[in-house]
Amino acid sequence: MRARLESSRNYTRQAQELSLIQPTFFSAASFATEGAIREKLEQIDAVFDVESQYNEMQRHAFEAFKAKMSQIDARYWAGLEPKLRPGEIAREQMIVSLAEYRRATTDLYSFALR
């Protein structure tokens, strides 16, 4: 659980830095010049990398917690896992959606370069 908390703190710090990205995605200014478009392509990769790293750290922490709890008290874990699993499934679905968003955004900005 400490690992999940620490990765959440790191994610929050990185996300705050990324929230300062200007111009914003999909704004007219973000398509104004070739340089702006190329910058957006780099930024979408940076955003995806932060999200992917965070989700991988969360998944790893969950699996480590699961392994420990299964050894310490299998009955307790058997009762707890069904309550935690929906959040893990949602996290997995979110990363798939984010990958689709990345692809679509990259396609759009790449098309604008032509």
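Trainee: What makes Phe26 partly exposed, rather than buried or exposed?

Mentor: Please keep in mind that this is a predicted model. Phe26 has a relative accessible area of 41%. Buried requires under 20% and exposed over 50%, so Phe26 counts as partly exposed.

Trainee: Why is the pair of Phe26 and Tyr101 called edge-to-face?

Mentor: The ring centres lie 6.2 Å apart, and the limit for a pair is 6.5 Å. The planes stand at 80°, and over 60 degrees counts as edge-to-face; therefore the pair of Phe26 and Tyr101 receives that name. Phe26 lies in the loop between helix 1 (2-18) and helix 2, and Tyr101 in helix 3, so the pair ties together parts that are 75 residues apart in sequence.

Trainee: Why is the pair of Phe31 and Tyr109 called stacked?

Mentor: Their ring centres are 4.3 Å apart and their planes are at 0°. Planes under 30 degrees apart count as stacked, so the name applies to Phe31 and Tyr109. This pair also links distant parts of the chain, 78 residues apart.

Trainee: How do you know whether Tyr109 is buried or exposed?

Mentor: Tyr109 has a relative accessible area of 0%. The cut-off for buried is under 20%, so Tyr109 is buried.

Trainee: Which residues do ring pairs link into a cluster?

Mentor: The cluster consists of Phe25, Phe26, Phe31, Tyr101 and Tyr109.

Terms used
Residues numbered from 1 in each chain as written. Predicted model: local features only at pLDDT ≥ 70, side-chain atom pairs only at ≥ 80, totals over all residues. Heavy atoms only, no water. Phe/Tyr/Trp six-rings, centres within 6.5 Å; stacked < 30°, edge-to-face > 60°. Helix = DSSP H or I, 4+ residues; strand = E, 2+ residues; numbered from the N terminus. Buried < 20%, exposed > 50% of the residue type's maximum accessible area, 1.4 Å probe, protein only.
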